Amino acid sequence: MDLTTVEAILPVRDRAALAGAHRGAADTALLAGGTWLFSVPQPHLRALVDLTALGWEPFEVDEQGLRIAATCPIGALADVPFAPDWAARPLFRQCTRALLASFKVRAVATVGGNVCTALPAGAMTSLTSALDGVAELWPREGGVRRLPVAELVTGDGRTALAPGEVLRAVRLPARALRARTAFRRLSRARLGRSAALVVGRREQGGAFALTVTASTPRPVVLRHAAVPAARELVAQVEAAVEDGPGWFEDVHGDLDWRRASTLRFAAEVVEELS
Amino acid sequence: MKLVVNGTAREVEPRAGQCLRTLLRETSHVEVKKGCDSGDCGACTVLVEGSPVHSCLYPALRAADREVTTVAGLGTAEDLSPLQQRFVDAAGFQCGFCTAGMVVTASALDDDQRADLAEHLKGNLCRCTGYRSIRDAVTADAVEPLPRSGAVGERVAAPAARRVVTGTEPYALDLTGDPADGAVPPTAPLHLAVLRSPHAHARITAVDASAARALPGVHLVLTHEDVPAVLFSTGRHENRLDDPDDTLVLDPVLRHRGQRVAAAVAETPALAERALGLLAVEYEPLPAVLDAEAALEPGAPLVHGDKDAAASRIADPQRNLVAELHGGVGDVEEALARAEFTVGGTYRTARVSHVALETHSAVSWLDDGGRLVVRSSTQVPFLVRDELARVLGLERERVRVLAPRVGGGFGGKQEMLVEDLVALATLRTGRPVQHETTRAEALSALPTRHPFRVAVRLGAGRDGVLTALAVDVLVDAGAYGNHSPGVMFHGCHESVATYRVPNKRVDARAAYTHTQPSGAFRGYGLGQVVFAIESALDDLARELGMDPFELRRRNVVVPGDPFVVTSLPQDGSEGDDGLRYGSYGLDQCLDLVQEALGRGGEPAPAGPSWRVGTGMALSMIATTPPRGHFADARARLLADGTWELSVGTAEFGNGTTTVLTQIGVQALATSAERVRLRQSDTDAVRHDTGAFGSAGSVVAGKALLVACERLADRVREVGAQLLGAQPHEVALGPEGVRCGAASVPLAAVHAECVRRTGSGPSADGGDDAALRSVAFDVQGFRVAVDVDSGQVRILRSVHAVDAGTVLNPVQLRGQVEGGVAQGIGSALFEQVRAGADGAGAETTLREYYVPRLDDVPETEVLFADTCDTIGPLGAKSMSEAPYNPVAPALANAVRDAVGVRLRELPMTADRVWRACRP
């Protein structure tokens, strides 16, 4: 929709220009794909700072793993040259398709935009937090701050980004990419908005991690040196959520259903990865 | 910047925050549609450098120097692309508003994507078709060509098909025509925006509009101080007294969140919005009642306590009672006490939004003669004209209302929701003014389906013969009474009359609440009550150990049985409301569904948590509304030997234009290319009640048939004289009137008639629907239910209809499929929720989930073989009815699968899961 109060779109071509344009003012937002920004009224906005002119490579593969630029279109993840031993590859497709948005939207929407919008059902948050993704942040004053994605997203629509801070990229370590993953998703309609999304990861060294999104306002990650017993993990998930951010409920599903399904998924993930 | 669309470049200066969709429409590419404006429906899909994008989400500035292709760039009406031709041949649209985006998206799919269509069309919503025909258009190996012309009973494409699939068929705000033709405004319109109430109940204590009015570019600000003090109802009926007069154009009392507070008219939509932001409004919040049961309690806050009961036709404004209905035969209590088997339960249905892809919109202007013209997306142009004249204090002749093709209605456009504001603004400014509602407004402020609470009790003997049927119905009218009396009466009428029971009781009340108003919606209350009765009957069949089809056979009415209990709604007693058994095919429908349900379908998903069950339900519907539904029609032979047919009824995807053309083609022995249909314009004919109550084909059709037959007689008579023959010796053909080897062209017949009488041959026809028939639907489902997640998967869907003579099998199938799809939406997904403060939670089509392609299974559609004695050419209406039995058939199948009865709609996965908990 037209953002009728926006008076300028400011393309920036380098970090200095970005810092100059994006000072953390409440009336200024970062524009990447624009698919969320243009989907709801934004009466508080006067300016959009366009990141796409920065020309960031969408993704880079090296020995450490995969670095995904914040401006990488979600649809472009299908083009990542996965190393043959990156067993986590199916998770990319699963999380991409977990989005309610159509493939047309996903071709434009970006990984960074999805993470920074910080919706509990943000499937790029699910993907990158489940693979131990670390966000590379550009603080306004310069330098780089690194923060796990699971800590970048702090709640429904909330992030740990400081005013003027920009998500530059998410780095996924090769160790996590080589892991086997198990994926479970709950939604009212088969292709509807996620109400619970659980990913298990078993690394080649045996380490195990379980990541819960969509049924919690922010990612909840549990780690073990080896695949735990299902009963133990379920109890841990329950405690971690209830002592932590609590369960999440919105128009896409009731709380008790999301809670029970998340716990069931945790047990199923253990079974699949054992 | 340079914008290149369909190969043509032009210089444009988009606004910074503008999206590509509005830029395209402003540059006359109105083939790009707005369905949601939030990237959810896909109607605005275009190709940018060959990739499909939702143009409402795409910053206009990004299109600089890129090739944009719209649906009109894929092919033209004269030269369709192969894919566009497939959409024509598969009848892959009804209203056609989603079609441009559907075609563009499908054009970009590769073989792999087509093979996974559910995933790749999940970003394209269609509210009409149920998707089967779209799937055929996109993926079928071969699509049989659909003829452009044909007589009644044949497969025929919609006359507008080639324009619809190229995006060139205009809708209300597609102002592309020549102003000289009188159907579009003479100059670009101003834009109207509405400020809406932030309170469920409040009084406006002060409004300061001075800053808004002073804003340059603002032409008018309307507050409650600036509007006529005339109470009316947004709900429109033939008899305006059917609905309570409880509404003002702008009211100082706000009775629901989202009610209009004020309106601003400005050069651009953005300026109009800015003006609203400058309004200083002071509110005095008042106590609100959000629940229909609480509203009827003594001491509840009053919604219309200020109204005079008699003047506004409200049953009791001091009790929030809009209307009530009580009637019965026999003694239900005694019959229940004596019954060998009894079942009962209380059922609840949800607030459901129509989600016509085209939101409510209208544009108005003054014509050369100073007459007010309103071009609107409406099902009822004549009724809107009459009420506009009344509210605005104009002579009826001073107002013209016309409706181009309507982008979906489903009853939602049997209301006057935008026309009053634009008309008033045009009268005040003298300028053309348009108002296009947003999807958020449609979801959270405009009328929805009435939520019902229905308590049902049934009694029967061991033989399965019903002895008692009682319903106690509570209807949530919302804040205004539009359609509430009618929905309540109709909801309790055919539903209860379907069964032959000696003891019946109906008690129904409609209550005002401080919530979004309820209004007309496909089925008009029947679906809600049928959900309760058919669910209870299923329980009864289980109690009896009897097959549910057999239980129905033993108890449904058959010709000769009276329609009991509320056949004359005004006084709850019986009388002749014109309802007859013009034909009867319910027995066939039951047999057809029972047989078909036993075969075919998808296998259940693997896994121990999936349970399989079957269920069925039926419904009866009167073919037209009671107490008169009127249609005038006129048929003329033109000087060039072609025909002009004029009707008042509107086309909103129901296919009446197709059927009416077929009727003309048959009665005038011609072909569709030689017929021009004028429609839905108060200038076209004297009167038409409108396209609701499934009346489009049967009432206007009957009127048109009469006009065409009279005209054919007249043309034969003149032709015979020219040929020196007797009228009975000549035959009418496409080219002329023929007698043996001799013939005279139609143009010559026209010329002769002009020579003799001063005008060409023409004839009028009319119908009053004084007699009405009954039509039947039976739905069967086999489902799999995952008790772990609560998901319901439909494995098999069968629907049989008794629609009399089938006027167009392709179109009838489409109407049934679309009704079933909407029924599935209501049954499984859809609900507008009001929070504790009355605020709606659903403002986008992400939050309000309507079925996607993946959610709608293919339904096998079966036709009973009957011929009606009342409808035109033996036909009965069939556009709203298929909705009605869907939810109970699904609930019964779920009950069969998991052993639990769900009594509340929608049966979302979380509710099903909860019901399955031990």
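Guide: The buried residues of α10(B) are A270(B), L271(B), A272(B), E273(B), R274(B), A275(B) and L276(B). A residue counts as buried if 20 or more other C-beta atoms lie within 10 Å of its own, as exposed if 12 or fewer do, and as partly exposed in between, with C-beta atoms placed from the backbone. By that criterion α10(B) is mostly covered, with seven of its nine residues buried. Helices (H or I, at least four residues) and strands (E, at least two) are DSSP runs, numbered from the N terminus.

The model is predicted: local features need pLDDT of at least 70 and side-chain atom pairs count only at pLDDT 80 or more, whereas totals for chains, interfaces and linings use all residues. Residues are numbered from 1 along each chain as its sequence is written, while chains are lettered from A and ligands numbered from 1 in the order in which they are written.

The buried residues of α10(B) pack against β6, α9 (210–214), β8 and β10 of chain B. Here two residues are in contact if their C-beta atoms, placed from the backbone, lie within 7 Å. The strands β6, β8 and β10 of chain B belong to an open sheet of seven strands, ordered β8-β10-β6-β17-β14-β15-β16 with mixed pairing. Two strands pair if DSSP finds at least two bridges between them. At the edges of this sheet stand β8 (218–222) and β16 (399–402) of chain B, each pairing on one side only. From one strand to the next the twist averages 20 degrees; angles run from 0 to 180 degrees between N-to-C directions, and axes are lines fitted to C-alpha atoms, for helices over the stretch in contact.

Within the sheet, β6 (residues 190–196) and β10 (residues 260–266) of chain B pair in the antiparallel sense over six bridges. A193(B) has A264(B) in β10(B) as its bridge partner. Helix α14 (residues 381–392) of chain B packs on the sheet, where it touches β15 (372–376) and β16 of chain B, and its direction makes about 150 degrees with that of β16(B). Helix α15 (residues 419–429) of chain B lies across β6, β8, β10, β14 (361–366), β15 and β17 (433–436) of chain B and runs at about 25 degrees to β14(B).

The helix α10(B) also takes part in the contact between the chains. That contact takes 47 residues from chain B and 37 residues from chain A. On the side of chain B that touches chain A, the elements giving two or more residues are β4 (51–54), α6 (117–120), α10 (269–277) and α26 (909–916). The residues of that side divide into 17 nonpolar, 16 polar and 14 charged. Ala, Val, Leu, Ile, Met, Phe, Trp, Tyr, Cys and Pro count as nonpolar, Asp, Glu, Lys and Arg as charged, and the others, Gly among them, as polar.

In the contact between them, 27 residues of domain 2 of chain A meet 25 residues of domain 3 of chain A. The largest share of the domain 2 side, five residues, comes from α5(A). That side of domain 2 of chain A divides into 17 nonpolar, seven polar and three charged residues.

Strand β11 (residues 180–186) of chain A is mostly covered, six of its seven residues being buried, and seven bridges join β11(A) to the antiparallel strand β12 (residues 196–202) of chain A. One of the bridged residues, T181(A), has R201(A) as its partner in β12(A). Helices α8 (residues 230–243) and α9 (residues 255–273) of chain A pack at an angle of about 145 degrees, with their axes 9 Å apart. Among the residues that meet there are L233(A) and V237(A) in α8(A), and L263(A) and A267(A) in α9(A). The residues of this helix contact divide into eight nonpolar, one polar and two charged.
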